[in-house]
Each structure stands twice: as structure tokens, then as C-alpha cells.
Amino acid sequence: MRPKRFHAAPYRRFGGRTLAGVDVCTCRSCVPEVRSGNHGRTPIACELNRYRLGNAGCAIKRSPTNLAGTVLGGRVINSHGVMLLPVRNFASMVRCQFPVCLGLVLCLIAPLLAISDASLWIDEALTAVKAQQPTLSDWWRAMVQERASDLQMPLYMLYMWGYEKVFGSDEWVLRAANAPLFVAGAICFLRRIARLGTGGMAFAVAVALSPFAWAYLNEARPYAMAMAAGLVVYSALVQLLEEGAEPSRNCVGAVALFSIGGFILSGSSLLGMVWFTAALVGTAWALPAQKMKWLARQAGVWIWITLVWLGALGLYYVWTVLVGARGTAVGGTAWKNVVFVFYELLGFAGLGPGRLEIRASGFDAFRAHLLPLGIYAVLVGVVAIEGIRSVLGSALKREVAKVCVCLAIAGAALFCLGWAVHWRVLGRHFAPIWVPVGVVLGLGMQRLWSRGAPVLRAIVVAFVVLMAVSCAQLRFSARHARDDYRQAAFAAKSALAHGKVVWWNADPSGAKYYGLPDAPEPGGTVRLVYLANPTSEDLARMVAPDVIIASRPDVYDNQGAVARYVSSAGFELVQKWPGFIVWRAIPPRDRAAPAGRGAQHY
């Protein structure tokens, strides 16, 4: 029996598009009841009486009060007003699933394109040196002796130690450790949104072509792990919220998924635990009390595992703080850090100046990039506003608002902490928040595209193109290169091979990873001297150098002693690489004038 057709004039607008008419199916077993915002759960009459919701080859007319669970044009509508599963026939299934499958392919390819074999920079070298430790006890000893922020990344550092024993420690290989984590998170996320049909493509693009994701997939640090865990946690959170007030067995699986994602996120770093705790509190606040009681009975094991894990991790993180582990105290947190966090999260980074240029020139570095940044700002603004409107029009807006409030409090607390303890808050510290930001952008793209207007679709296309350009710039542009420890270490090795004395005014972990000795040569000869924020008196007691290799004076020469020595002792600049500069002593007979003038600006 074929469904009747009804004219949909009384229900003109739904999800931003006008409907000329819809197939109407009135099968009680197809959908016994649906969630309808504040109007409770309302049954829908049905004639076909064959299939259950999501697999039916029929369509149910939407009424003004029945938002979630209805079917238009053979697709179910979720609480966000987005079309879900297609009708049960092969052609419709292909049309629906192909965009999501294509999005999954993008998520599989993205890590391969984003990851490079460029030189490791400071933080990555810290990861590599610990991953190269031969035994687990050596790994732990290196973590404790250094007492840096790596001690507050237990699960990630342990993962990298085990990974290195199987795959090695080359630059590309170390960064490729992010790929399986990201792909697993993306599969979990796309599996959840697979019912979104053609709208699922927008979410896949927001994940796979995110400049923020590309930037941190290309770093051997825990941020990709945090993003992947965030995808898992968000997938479970959406399922818990969309199941409605009355729980089902699907909720138990969602709780398990939420716990697994939280296990990874909170173990990836201390900041990951902050974000997961905020998401956990927000979820508990958003869910109805009746549902929470049911989950406590049916999924109590997972809840207890999560609480015990968080308690144990909390004690561990408190211990790390007490022994003095913390990030580098370089710079502080001010209003510009808030702007920069969203600058990174929204994908501006690839279109703007590189980090080293920003460090050297501040806001002046942005002058040459105002045009592409301005165009992208307009596009991302339009898409984000549409995404926010979609959330506000959702039947779950109150629940979503509660979760967002908890996440906002966690973010504000991080900014306040950074300001209080003189710790610089950056976009990477908000890596788990990349997921809801991407969801908002995905909703915005889907909403604009579904309206069908050529201008709106052109905006979506332009936005996606600029996102792709931003990703490509981050990956391939020389201005986004990080500190080149590989070239600097090669220069130091060459100088040492010629009997020169070298001062290494940079991070020792990078030198160690690239093979520079970390102890005097046999016989007690000291020809490689490691310097970190020395005083002029310290330099006066050291053997005079032939070559000085320096990096980041604000980090390794914060008193300016090395810069003054270069200016006064007669050195010439011989080489520059990203983040590095090399000075060579001028023989006394060749010194017509004091060399090295302006060295304080290296």
C-alpha cells in the first residue's frame, strides 16, 4: 500500500527549507512516539504498520509540535532538525551513505597529508627522548627527573614509549602515532552521524579539513589524542541526550563509549582531565533525574570505573603539581590569548603568519595577511551564526546549553589560572573544544546548503576552499615551519668535527635526539657547552666559543647575556634557519669594527 501524499503548506519551513509536499505514513509500529520539545512524547498514527523508525520505506508528516523522529521525504528528522536515515531501498541508501563514506575517506586521508617529516621542535623532542628510553623504568626516571609538563601527560607518554618500540623514532613515524587515534575517533563520530544522510558530509568536512586538526596531527604531542577522545565523548554525549527522557539499552552503550573516551581524554594530560570533568558534570546536569537513576542501575559498572579512574588520576596530578611539574613559564595570559585561542580553533592559523613570525613581531606580523584573514572571518562568521541558530532551534537546546556552560566555566578557569601563575594559554590547550566548534561549523554548512539558494551554497563552497587552503598552508608553507633542530644539530656536528668549540643556546633534548653528545668527550675535553639563561658571569667562566648556535632568546637567553657576548666578542652571523641563528667568531686580525651589532635581536 503506497503512502498518501499531503500538501505541506501549513508546515512551510522546516530546517531552513520550504517543502512543497511530503509522503505521509501512519504506522504505529513505525514510530510509536516521538520527542516533541516541551510538549512531552506524542504518538504518531500510521497505516503501513511494517517497519520501525529509521528503516521504513515510508514518510511521516511533521506537525508543528512533533520535531524529533518524524520523517520527511523518506528521511528521519533528528532533534537538530536534520534529516537522518533514508528509506529502505538501495538507491536511497547509496545517496544517503555515499557522502558519509566520502567523508570517512577524507578523515582517513587527512592524517597522511597533514603529517610531515620536518625537524622535530622543542616539545616534540621532549616526547621523542622519553619514547627512546630502553626500559619502562628508564622512561619513568626521565619523566620524574625532568619534572616538566610531560609528567602530566601519563597516558600519551606511555603510548608513545610503547609505539616507539614497535615502529621506531623517525620524525614522520613519531607523528604518525596520531593517525590511528584520529581515525578511530573520526569513525566513532561519523558512525554516530551516519544517519544524517547528505548532511553528514558537512560534519565530515568540518573534521577532515579542520586547520586546527591538521596543525596538531603534525605534532608528536598529546593534542591529537585529546581531539580523538573528544570525538568519542561527543558521540556518546549526543546519543545520551537524543534518547529522550525515557532510557533505552542504547544508553548503556553510550555510557560505555563516554567512559572509554573520558579514560583516554583525562589520561592524555592534566588539561584533558579538566575538560572531561567539565563534560561529565554538564552531562549529569543535562540528563533528567529519572534517566540518571536508570543509568546508575544499568550502567553502574561503567560509572564506577570512570569515577575510580578520575579519582586515581586526580591524586596523580596533584602529586605532579607538588613535585613542581608544569609547563614552561614563558610569557603570560592576557586578552590577546583569548583571541588567539579562537583564532586557532576556527581555522585562521594557516592563512595568517607563522608562529615564529608572531613571536618576533607581534600583531605587526598580521598586516601582510589581512585580506585572506578578513575574507575567511566573514565566511566563518556566517557559517558559525547559522550553526548556532541551528542549535538554538533544536529541541535539545536546554541540555546543550547546560553542557556548554560547564565547558565555558572550565575554559574561563584555565584563562584565570594562566593569568595568575604566569602561564601562557594557547589554542592547543583547548583541543577537546575543537569538537563542539567543528559541530557548530558542520551544522552551519548543512543548514546553508540545505536551503538550496546558489548564493548560500557558494558561501559554503568558498568556506570549504579556504579551510583547505589554510590546511595546505600549515602543511607546506615555509612561514609555518617550526624550529629546525635538525639543521642546527648538523651545523654543531660539523663544527665539532673540525675541532671547534660550540655553545648550544637552545633546548638540549633536541640536541640529544639529533645525536649531539650530552657529556664531555673522553679525556675531559669540553667542546660542546649547553647554555640555558646564563648570566654574564657564567659566560666569563666558560671556554671561549668558535660557534654559537642560539634559539628563542626569550626562552633560553632571558637575561640577554648571550646577545651581549655576541656583540662585544666579535661574532658574525653565518646562517639562519627557522627558530635558529648561527654566529661564528671573527679572527682578531679580521675585526675592522665590532661585529655582531644588532645581535640582541636574534
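Is leucine 102 buried, partly exposed or exposed, and what is the relative accessibility of leucine 102? In this predicted model, leucine 102 counts as partly exposed because its relative accessibility is 35%, which lies between the limits of 20% for buried and 50% for exposed residues. Leucine 102 is placed in helix α1, which covers residues 90-114. Together with Val105, Leu108, Ile109 and Leu113, Leu102 makes a nonpolar surface patch of about 380 Å².

The overall composition of the chain may be considered next. The secondary structure of the protein chain consists of 24 helices and 13 strands. Of the 602 residues in the protein chain, 53% are buried. The accessible surface of the protein chain amounts to about 27000 Å², and carbon and sulfur atoms contribute 64% of that surface. Among contacts in the protein chain with a separation of 6 or more, 70% are made by residues 24 or more positions apart.

Five strands, in the order β10-β9-β11-β13-β12, form an open sheet with mixed pairing. Strands β10 (528-530) and β12 are the edge strands, since each pairs on one side only. On average, and with direction ignored, neighbouring strands of this sheet are turned by 20 degrees against each other. Strands of a sheet pair through backbone hydrogen bonds, in either a parallel or an antiparallel sense.

The parallel sense is found between strand β9 (residues 502-505) and β10, which are joined over 3 bridges. Within this pair, valine 502 has leucine 528 in β10 as its bridge partner. Helix α20 (residues 485-497) packs on the sheet and touches β9, β10, β11 (547-551), β12 and β13. The direction of helix α20 makes about 160 degrees with that of β9.

Antiparallel pairing is found elsewhere in the sheet. Strands β11 and β13 run antiparallel and are joined by 5 bridges; isoleucine 548 stands opposite tryptophan 583 in β13. Strand β12 (residues 571-577) also pairs with strand β13 (residues 580-585) in the antiparallel sense, here over 6 bridges. Phenylalanine 571 has alanine 585 in β13 as its bridge partner, while tryptophan 577 stands opposite phenylalanine 580 in β13. Strands β12 and β13 form a hairpin with 2 residues between them. In the turn of this hairpin, glycine 579 has a positive phi of about 80 degrees.

Positive phi values also occur at residues other than glycine. Most residues other than glycine have a negative phi. Asparagine 533, although not a glycine, has a positive phi of about 55 degrees. Asparagine 533 is placed in the loop between β10 and α22 (536-540), and counts as partly exposed at 25% relative accessibility. Arginine 147 likewise has a positive phi of about 55 degrees although it is not a glycine. The loop between α3 (136-146) and α4 (154-167) contains arginine 147. The place of glycine 327 is in the loop between α13 (300-322) and α14 (335-345), where glycine 327 counts as partly exposed at 22% relative accessibility. The C-alpha atom of glycine 327 is separated by 4.8 Å from that of serine 149, although these two residues are 178 residues apart along the chain. Lysine 130 is placed in helix α2 (residues 122-131). Lysine 130 counts as buried because its relative accessible area is 3%, which falls under the limit of 20%. With residues up to four places away in sequence not counted, lysine 130 touches Trp139, Ala142, Met143, Glu146, Asp150, Met157 and Trp161.

Definitions and conventions
Residues are numbered from 1 along each chain as its sequence is written. This is a predicted model: local features need pLDDT of at least 70, side-chain atom pairs count only at pLDDT 80 or more; totals for chains, interfaces and linings use all residues. Side-chain values use heavy atoms; hydrogens and water are left out. Patches are made of residues with over 30% relative accessible area and no salt bridge: like charges are joined within 9 Å, nonpolar side chains (Val, Leu, Ile, Met, Phe, Trp, Tyr) within 5 Å. Accessible areas come from the Shrake-Rupley method with a 1.4 Å probe; for residues, only the protein chains shown count as cover. A salt bridge is a side-chain nitrogen of Lys or Arg within 4 Å of a carboxyl oxygen of Asp or Glu. Helices (H or I, at least four residues) and strands (E, at least two) are DSSP runs, numbered from the N terminus. Buried means under 20% relative accessible area, exposed over 50%, partly exposed in between (1.4 Å probe, protein chains only). Two strands pair if DSSP finds at least two bridges between them. Contact means heavy atoms within 4.5 Å. Axes are lines fitted to C-alpha atoms, for helices over the stretch in contact, and angles run from 0 to 180 degrees between N-to-C directions.
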